[in-house]
Amino acid sequence: NCARPLVFYVNHASWWDPLVCLLLTREFYADRDAYGPIDAAMLERYGIFRRLGFFGVEQGTSRGARTFLRTSHAILASSRNALWVTPQGRFADVREHPVRFQFGLGALAARVPDAAFIPVAIEYTFWTEPRPEILVAFGGPFVPREAGTRNAAEWTQFFSERLESAQG
């Protein structure tokens, strides 16, 4: 673990992703408090996620984008925190390439350059069991400040390529 805030960006394979992110935090980053954006309408419907560290974001609106950036920036002010995001903004098959992100993650990297950004590839498989197995691959951390200046679109492209690489 490093002494800076962490941003985990994850492919969005299933509705289970938020719970898997909480499980991964508990297993590998127990010293961190986990947070993550979730569709505001879903948070209204499933309010328990609010108590688990999730915050609502309106999909596809400028108000939602501002809420995401403002709330994420506040969370990342503490090195004790971990932010889990699914920048695809929709469910996507893990074999879908190229990986396309919305611009929130890139905008966040431009605003919080001292955070470590870590790609996480998740896949759910149903081999011979009735319940899935969860396959997880962590990519290496990347700190934007250590790479010079890029705009939000360039960061978005950079991170999408890193996640695609982690997916293998």
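Me: Which residues does Gln 167 touch, leaving out those up to four places away in sequence?
Reply: Gln 167 touches Asn 11, Val 94, His 97, Val 99 and Ala 121, where a contact means heavy atoms within 4.5 Å. This is a predicted model, with local features needing pLDDT of at least 70, side-chain atom pairs counting only at pLDDT 80 or more, and totals for chains, interfaces and linings using all residues. Residues are numbered from 1 along each chain as its sequence is written, and side-chain values use heavy atoms, with hydrogens and water left out.

Me: Why does Gln 167 count as buried?
Reply: Buried means under 20% relative accessible area (exposed is over 50%, partly exposed in between, with a 1.4 Å probe and protein chains only). Gln 167 comes in at 19%, so it counts as buried.

Me: Where is Gln 167 found?
Reply: In helix H6, residues 152–167. Helices here are DSSP runs (H or I, at least four residues), strands are runs of E with at least two, and both are numbered from the N terminus.

Me: What makes the pair Phe 158 and Phe 159 edge-to-face?
Reply: Rings of Phe, Tyr and Trp (its six-membered ring) pair if their centres lie within 6.5 Å; planes under 30 degrees apart are stacked, over 60 edge-to-face, the rest tilted. By this rule there are 14 aromatic pairs. For Phe 158 and Phe 159 the centres are 5.5 Å apart and the planes are at 65 degrees, so edge-to-face it is.

Me: How do you know that Phe 159 is buried?
Reply: Its relative accessible area is 0%, so Phe 159 is buried. Phe 158 is buried too, at 18%.

Me: Which residues do ring pairs link into a cluster?
Reply: Tyr 9, Phe 117, Phe 142, Trp 155, Phe 158 and Phe 159.

Me: What puts the charged end of Arg 150 over the ring of Trp 155?
Reply: The rule wants NZ of Lys or CZ of Arg within 6 Å of the ring centre and within 35 degrees of the ring normal. The charged end of Arg 150 sits over the Trp 155 ring, 4.7 Å from its centre. Arg 150 also lies over the face of Phe 158, at 4.6 Å from the ring centre.

Me: What covers the buried residues of H5?
Reply: The cover includes strand S1 (6–10), helix H4 (62–75), strand S4 (81–85), strand S5 (116–125) and H6. In H5 (residues 104–111), the buried ones are Leu 105, Gly 106, Ala 107, Leu 108 and Ala 109.
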